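Hello,

Here is the structure we talked about handing over. Please open it first, then read my notes below.

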2 protein chains.
Amino acid sequence: MGEATVRPLRADAERSVRAILEAAVRVLAEDPGASMDAIAAAAGVARTTVHRRFANRQALIEALASTAARQLADAVDDGRPDTAPPLVAMHRITANVLQVKGAWAFALELTPEPGSEAAALQQDIDRRCVAVLERARAEGLIDAGADLDWVRRVYYALLGETLRGDADGDPDALAARIVDTLLRGAGPRA
Amino acid sequence: MGEATVRPLRADAERSVRAILEAAVRVLAEDPGASMDAIAAAAGVARTTVHRRFANRQALIEALASTAARQLADAVDDGRPDTAPPLVAMHRITANVLQVKGAWAFALELTPEPGSEAAALQQDIDRRCVAVLERARAEGLIDAGADLDWVRRVYYALLGETLRGDADGDPDALAARIVDTLLRGAGPRA
DNA sequence: GCTAACTGCGTCACAACTGTTGCATATTGT
DNA sequence: ACAATATGCAACAGTTGTGACGCAGTTAGC
């Protein structure tokens, strides 16, 4: 649910939907108030086509939030958060997220409607993120008394800041900096 | 410049300007696309009065950016960034900023027009912020090889995250958490 | 107390965005 | 090739925001 998919879309229609969503991420990222027309133009389709696929602006936003959250969930999954050593998982997840930056930028800004699919997915991501942090704490990588929810928020903030300022750059190097900063801060190395 | 102040405003007019700016911070913080009417209502004045003081929306935004930047600069100054011990200065500055959160929230979002007064003030704040970090590094509080610009960005991000999530709460405790996280991260305490 | 400045209110023209429709044309799937 | 589906284009009404008026009534300052 969420997709207005009563019956299977034709190939070209599906292409349009993809183009619109991708363009919307780009355009709305740098101007959250951009018009449907601007989005349509960026997607290379007519405005009416956008309206044909998404009843209104909010429907588009919600679909966008859902796909973004799904992309993020995939990025997390790919890091094998439950089995890989915590440090490895954190690094991989971070690098993955840096590559789907559009999704992250979107998920960070738009607080999804409570009860929406995107909200559920976001909560799921948060949960899994904390789980990784717990495993890291069990290994002594994180202080025993740390507030993991705060740690998670700091982690998100570091990701957000990196995406805003270093949009391009080697994902691995950026991920290393994020994880290092998260675990050790700016203080002197031992 | 920036203020449309050809000649001294009458007392009530100045009051209006203040009310408008304060309301604008509040309103625009939670909806950057809010209408002039909404801002006027929040300020307790008529929409025409807003237009009388600020020619157009952008003029209001710029004036807002300037006053916000000035508030921040004052908050930094009050921390005696050049003379107080770095740790003390960082703590005080942080606590101060947490109290003028409106200004910070605004300065963080709205990238000011290049060349505007706000941009200059913002750069000045950045500069002084890095200066404090340099003093902290000289005292061994920050790793000798650290990229101070990255440290500054992390500091800003921690402030932003705290303001978004813990808008209320003891400024001193929140400041302590920010400084501690910045310098030591989430890792185990020595 | 008088003047100049300020404010609220109503009204106006103008521009931009939204959402919908009808129709001609092009693409897809079978 | 044919039918179903998609698309672009043009046009429409409706809404919302902007910026500018004039005017009557209020407030500040000398």
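A disulfide here is a pair of cysteine sulfur atoms within 2.5 Å. Please keep in mind that this is a predicted model. A search of the whole structure, over all chains, turns up 0 disulfides.

Are they buried or exposed, given a cut-off of under 20% relative accessible area for buried? Cys129(A) has a relative accessible area of 12%, so it is buried. Cys129(B) comes out at 13%, so it is buried too.

Next, the core. The largest nonpolar core holds 117 residues. Which of them touch the most other members? They are Ile142(A) and Ile142(B). Take Ile142(A) and leave out residues up to four places away in sequence. Within chain A, Ile142(A) then touches Leu133(A), Ala136(A), Arg137(A), Leu148(A), Val151(A) and Leu183(A). From chain B, Ile142(A) touches Ala186(B), Gly187(B) and Pro188(B).

Now the domains of chain A. The domain assignment gives domain 1 as 1-55 and domain 2 as 65-184. Their contact takes 5 residues from domain 1 of chain A and 5 residues from domain 2 of chain A. The centres of these two domains, taken over C-alpha atoms, are 27 Å apart. About 390 Å² is buried between domain 1 and domain 2 of chain A. Carbon and sulfur atoms give 69% of that area. What about charged pairs? The count between domain 1 and domain 2 of chain A is 0 salt bridges.

Last, the two chains. How many residues of chain A are in contact with chain B? The count is 26, and they meet 26 residues of chain B. Chain A and chain B bury about 2100 Å² between them. Carbon and sulfur atoms carry 54% of this area. Three residues stand out on the chain A side: Trp150(A), Arg153(A) and Ala186(A). They supply 30% of the area that chain A buries against chain B, more than any other three residues.

There are 4 salt bridges between chain A and chain B. One salt bridge joins Arg153(B) to Glu161(A), with the closest N and O atoms 2.8 Å apart. The chain A and chain B interface also has 13 residue pairs in polar contact, both residues at pLDDT 80 or more.

Over to you.

Best wishes

Methods
Residues are numbered from 1 along each chain as its sequence is written. Chains are lettered from A and ligands numbered from 1 in the order in which they are written. This is a predicted model: local features need pLDDT of at least 70, side-chain atom pairs count only at pLDDT 80 or more; totals for chains, interfaces and linings use all residues. Side-chain values use heavy atoms; hydrogens and water are left out. Buried means under 20% relative accessible area, exposed over 50%, partly exposed in between (1.4 Å probe, protein chains only). A nonpolar core is a set of buried Ala, Val, Leu, Ile, Met, Phe, Trp, Tyr and Cys residues joined through side-chain atoms within 4.5 Å. Contact means heavy atoms within 4.5 Å. Domain bounds come from an automatic or database domain assignment. Buried area is the accessible area (1.4 Å probe) that two parts lose on being put together, summed over both. A salt bridge is a side-chain nitrogen of Lys or Arg within 4 Å of a carboxyl oxygen of Asp or Glu. A polar contact is a pair of N or O atoms within 3.5 Å; within protein, one must be able to donate a hydrogen and the other to accept it, and residues adjacent in sequence count only if both atoms are side-chain atoms.
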